Amino acid sequence: MEQLRTIGRELAMGSQGGWGQSKEFLDLVKSIGEARSKAEEDRIISRELDHLKRRLADPDVPRRKMKELLLRLVYAEMLGHDASFGHIHAVKMTHDESLPLKRTGYLAVSLFLDERHDLVILVVNTIQKDLRSDNYLVVCAALTAACRLIGEEAIPAVLPQVVELLAHPKEAVRKKAVMALHRFYQRSPSSVSHLVSNFRKRLCDNDPGVMGATLCPLYDLILEDPNSYKDLVVSFVNILKQVAERRLPTSYDYHQMPAPFIQIKLLKILAVLGSGDKQASGNMYMVLGDIFRKGDTASNIGNAILYECICCISSIFPNAKMLDAAAETTSKFLKSDSHNLKYMGIDALGRLIKINPDIAEEHQLAVIDCLEDPDDTLKRKTFELLYKMTKSTNVEVIVDRMIEYMINITDHHYKTEIASRCVELAEQFAPSNQWFIQTMNKVFEHAGDLVNIRVAHNLMRLIAEGFGEEDEGADSQLRSSAVDSYLRIVGEPKLPSSFLQIICWVLGEYGTADGKYSASYIIGKLYDVAEAHPTDDTVRAYAISAILKIFAFEIALGRKIDMLPECQSLIDELSASHSTDLQQRAYELQALLGLDKQAVENVMPADASCEDIEIDRNLSFLNGYVQQAFENGAAPYIPESERSGVVSVGNYKAQDQQETSAHALRFKAYELPPAASQASISPTTDLVPVPEPSYYKEDHQMSRSQPSGDSLSGEFGLKLRLDGVQKKWGRPAYSSSSTPSSSTSSQQATNGGVSSEVGGSTSSQARESTYGSKRQQATEVSAEKQRLAASLFGKADRKAQAGRKTAKESSSTEKVATANATPQPAKEQVIPSAPPPDLLDLGEPVSSSPPLADPFTQLEGLLGPASASPVVSETPASSTSKTPDLISIFSDDVQTGVTSGSTEPSLGVNVVAAKKGPSLQDALQKDAAARQVGVTPTGNNPILFKDLLG
Amino acid sequence: MIQAVMVMSTQGKPRLLKFYSYQPPEKHQDLVRGVFQCMPDSVSNFVKVDAIFGPGAKLVYKHLATLYFVFVFDSSENELAVLDLVQVFVETLDRCFKNVCELDIVFNFNKLHTILDEMILGGQVIETSSEQIMRSVEEIARLEKQSNTTSLIPKSISERFSR
């Protein structure tokens with residue numbers, strides 16, 4: 001032992017002379033440290049690289065000098081400079097006979113190259129040879145390099161040697177051979193799969209180090225296929241037991257814990273093996289209980305083991321006693337002052353609530369604490385936990401919190417993640433459509449360009465279709481409040497493109513619907529949008545289409561509006577736009593302005609966005625025409641596949657031909673339809689036997705008979721409506737040519753059908769008329785909602801259902817039930833909402849709260865700091881009395897957390913420092929040496945020479 | 001699996017870089033910068049770095065004197081355990097260099113690589129006993145010295161500077 005120590009000392013100070021590097025290297029480091037700018041540093045290094053290039057190419061340089069040159073090259077590359085010219089020298093050095101040079105060569109090669117590099121092929125041979133070397137250090141160096149450099153194709157070249165080395169007398173070699181084999185397995189499982197039994201053998205190695213290393217590949221293998229390793233459960237449990245009982249040599253102790261890293265690895269393996277396996281888990285409970293009992297919460301590593309134990313318990317077959325122990329430890333973590341432990345606690349809690357959601361209950365305060373914590377990592381982890389525990393009862397609070405947090409994030413990646421989580425939660429658990437729209441608006445406003453465009457379409461659909469379970473009045477109220485809020489927002493700079501698209505669409509559809517705003521006002525706003533985004537064609541297209549719609553509605557109502565001069569100039573500009581889409585829209589608008597009232601009404605029926613677009617795949621509207629052609633002696637159509645000529649041609653050509661023939665066919669079809677459709681489609685359709693699949697027929701018939709609601713058409717239309725919404729308005733040929741024909745009238749009728757479907761009981765009346773009569777009910781419903789939201793807020797604030805269980809109100813559960821049903825209203829419109837009389841019956845709290853007309857402001861109120869007041873006033877007495885308590889505890893916790901948290905980081909260091917004994921002299925010597933050298937690697941840093949552990 | 005080990009100064013200068021999963025060399029500096037930027041925000045020793053290293057990636061860092069010791073790893077490792085692994089590494093350095101300081105690390109980065117190779121191989125932890133690691137490193141040094149008895153390098157630095 002003593003001898004070793006002297007060797008170590010020699011190593012560190014004596015034998016290699018201080019830092020063991022040449023003066024040139026010292027000078028380099030010194031000058032880099034003194035460089036005042038990045039440019040200066042770059043100059044120094046490129047000079048150094050030039051120098052190295054010359055020296056390395058010089059055949060007279062002694063071999064040992066080469067080693068140093070190569071290390072300098074590694075250093076330069078670490079600082080981010082290209083040193084590729086030296087790679088070949090590194091490869092050459094691996095061939096060297098002398099051990100230090102060979103090792104340096106291997107080091108440089110494995111830092112410079114990777115398995116994909118061309119030069120690797122030159123190293124493989126050397127590795128192969130070195131694996132057979134008598135010198136175990138050479139073998140080790142080769143194994144290390146093999147881990148890094150041997151790719152899939154080279155594995156067979158070295159595999160036999162590596163397998164041989166698994167039985168090498170030196171444990172260091174065995175260990176590395178195991179890892180190399182593992183690495184090969186990761187690269188290409190198939191080439192090593194016949195050798196996996198070797199890992200099992202190595203598990204019984206005499207050396208605990210080799211055994212511990214073997215756990216790594218076994219863990220990977222077990223993850224892949226746990227069932228083939230169930231027989232090892234008993235062995236693993238035994239090993240864990242022996243380790244925990246300190247049967248391993250004390251050299252494996254770390255901070256008084258017996259081989260903690262081996263314990264952790266074993267626990268990880270047991271977690272996988274015991275997952276969902278009652279019998280296997282039964283074997284583990286004993287030893288897990290033991291570890292919990294012996295658990296040392298004072299040291300970091302002790303906590304690491306305990307945490308791994310919790311992970312294991314939450315993964316294996318649940319056992320009440322074990323879960324209790326795990327929950328207890330988790331609460332210790334959460335109560336700890338250390339941020340690291342809190343972080344682990346939150347993570348552990350996230351695992352445990354998967355098994356038993358009630359565990360979260362007692363830790364609500366700690367969780368909220370972590371949410372408020374300044375530490376970003378902890379905050380994110382907590383949001384992850386909240387995300388996992390979101391239910392329809394607490395979704396509002398959680399999503400609000402997330403959005404609030406999201407607004408302040410600058411990190412693009414994380415912002416995207418949290419925005420998509422908000423969207424996901426809102427879509428999954430939204431208590432009401434209004435809330436959903438609100439939430440989406442916020443998400444779009446702050447992270448609009450980061451979310452999927454599908455979400456934007458969804459939102460538009462919701463605004464268009466309304467609540468589904470509620471009446472038309474509430475829908476139009478929702479729309480007008482949406483219009484209000486969008487008009488407020490639209491002037492703001494830097495709105496994301498997708499949000500502007502939504503705004504334009506909504507303003508175009510519903511801007512003038514409630515008569516609150518004049519058409520020219522809305523058009524002015526839309527013009528501003530188009531003007532403010534000259535480069536965004538999509539937004540411009542949305543804006544111009546919206547303007548078109550406003551004009552159409554006005555004309556249909558018989559009102560005359562004047563074209564604003566700037567708007568006219570916009571149209572002129574777009575007519576000459578590079579984008580054909582914009583051009584088309586502009587021309588459509590111009591054409592529409594020339595039409596009379598009757599025509600416009602048919603071209604642009606009001607509120608037609610909810611219509612299903614029927615796709616007539618069989619082109620049945622051509623049946624009459626085809627029939628006529630048959631009668632006139634035309635040849636019947638023969639499908640491509642049945643034609644003899646085409647089959648013989650190659651595949652590609654056939655496709656080509658198909659395309660051209662399709663062109664020909666379509667050309668023919670387009671030429672005549674106006675006459676045909678106007679003549680007699682509907683009467684003849686029934687006469688012609690069309691061999692279409694039944695569901696098409698059904699669909700088709702339904703559209704004609706205008707049913708009050710059907711799941712099939714609803715679902716089918718759902719998808720179409722999403723993206724069809726916009727396109728519908730942008731197809732001039734379709735709408736203008738068929739003006740007075742039967743197709744438009746059916747369109748209008750479908751519109752009525754859909755709206756009655758949406759509105760439930762109401763028939764397709766004009767929006768204006770229903771609005772007034774339904775208004776009262778709507779406000780009552782929203783008041784009810786507010787009450788619910790408030791109670792949810794209170795409940796969710798405490799993160800538990802304790803309050804709900806005691807103060808369970810029939811109304812709230814009922815409402816929860818309906819809220820559960822709402823997320824996809826469009827799909828299940830058939831489900832009737834809670835009967836209105838019930839809602840009216842529990843009117844006491846409703847009447848006390850002020851009737852709110854605008855749900856947007858209502859929600860804003862809930863968001864802000866004022867949100868506490870509705871909680872206090874409207875939740876049952878028990879929770880009211882609790883609230884102040886919670887707050888006081890919470891603030892207490894924060895204070896202690898902060899004060900004691902600051903002392904923590906130094907703890908680990910102190911332990912080590914205490915162990916080190918009198919080393920002050922050494923340190924002083926070193927300081928003196930350093931000062932003599934005058935080397936300052938990091939510039940003028942006063943504490944540079946401080947000991948890392950001192 | 002451990003994806004990378006970095007040692008960098010408090011100014012963000014890399015002192016040691018070792019990647020266990022392939023990262024193109026031209027990206028190394030960006031990674032160092034990214035890692036360096038995300039550390040000071042954090043009160044705890046853990047930082048999520050999935051933006052830099054891909055999904056599930058986390059890092060554990062330890063700030064000692066003028067250096068950050070950073071280990072980047074994926075979800076298969078336990079954060080607290082890795083924190084202790086950093087500690088093992090630093091303790092080993094301290095045994096090796098006697099009161100290790102930044103200059104030791106700058107000048108002996110090849111030795112740091114040797115130590116790391118004894119601890120971590122192919123991204124997996126193979127040895128966690130700093131005593132054991134020291135023993136191997138010393139053995140390597142001894143054998144290297146045997147095969148290379150004469151040294152071109154001058155005895156001490158002061159000598160060099162007096163010239």
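**The sheet of chain B**

Author: Of the 163 residues of chain B, 63% count as buried, where buried means that 20 or more other C-beta atoms, placed from the backbone, lie within 10 Å of the residue's own. This is a predicted model, in which local features need pLDDT of at least 70 and side-chain atom pairs count only at pLDDT 80 or more, while totals for chains, interfaces and linings use all residues. Residues are numbered from 1 along each chain as its sequence is written, and chains are lettered from A and ligands numbered from 1 in the order in which they are written.

Chain B has seven helices and seven strands, taken as DSSP runs numbered from the N terminus (helices: H or I, at least four residues; strands: E, at least two). Along the sequence they follow the pattern β-β-α-β-α-β-β-α-α-α-β-β-α-α.

Five strands of chain B form an open sheet in the order S2-S1-S5-S4-S3, with antiparallel pairing; two strands pair if DSSP finds at least two bridges between them. At the edges are strand S2 (14–19) and strand S3 (46–48) of chain B, each pairing on one side only. From one strand to the next, the twist averages 20 degrees.

Strand S1 (residues 2–9) of chain B pairs with S2(B) in the antiparallel sense over five bridges. Within S2(B), Lys18(B) stands opposite Val5(B). Helix H5 (residues 109–119) of chain B packs on the sheet and touches S1 and S2 of chain B, a contact being C-beta atoms, placed from the backbone, within 7 Å. The direction of H5 makes about 35 degrees with that of S2(B); axes are lines fitted to C-alpha atoms, for helices over the stretch in contact, and angles run from 0 to 180 degrees between N-to-C directions.

How values were computed. Two residues are in contact if their C-beta atoms, placed from the backbone, lie within 7 Å. A residue is buried if 20 or more other C-beta atoms lie within 10 Å of its own, exposed if 12 or fewer, and partly exposed in between; C-beta atoms are placed from the backbone.
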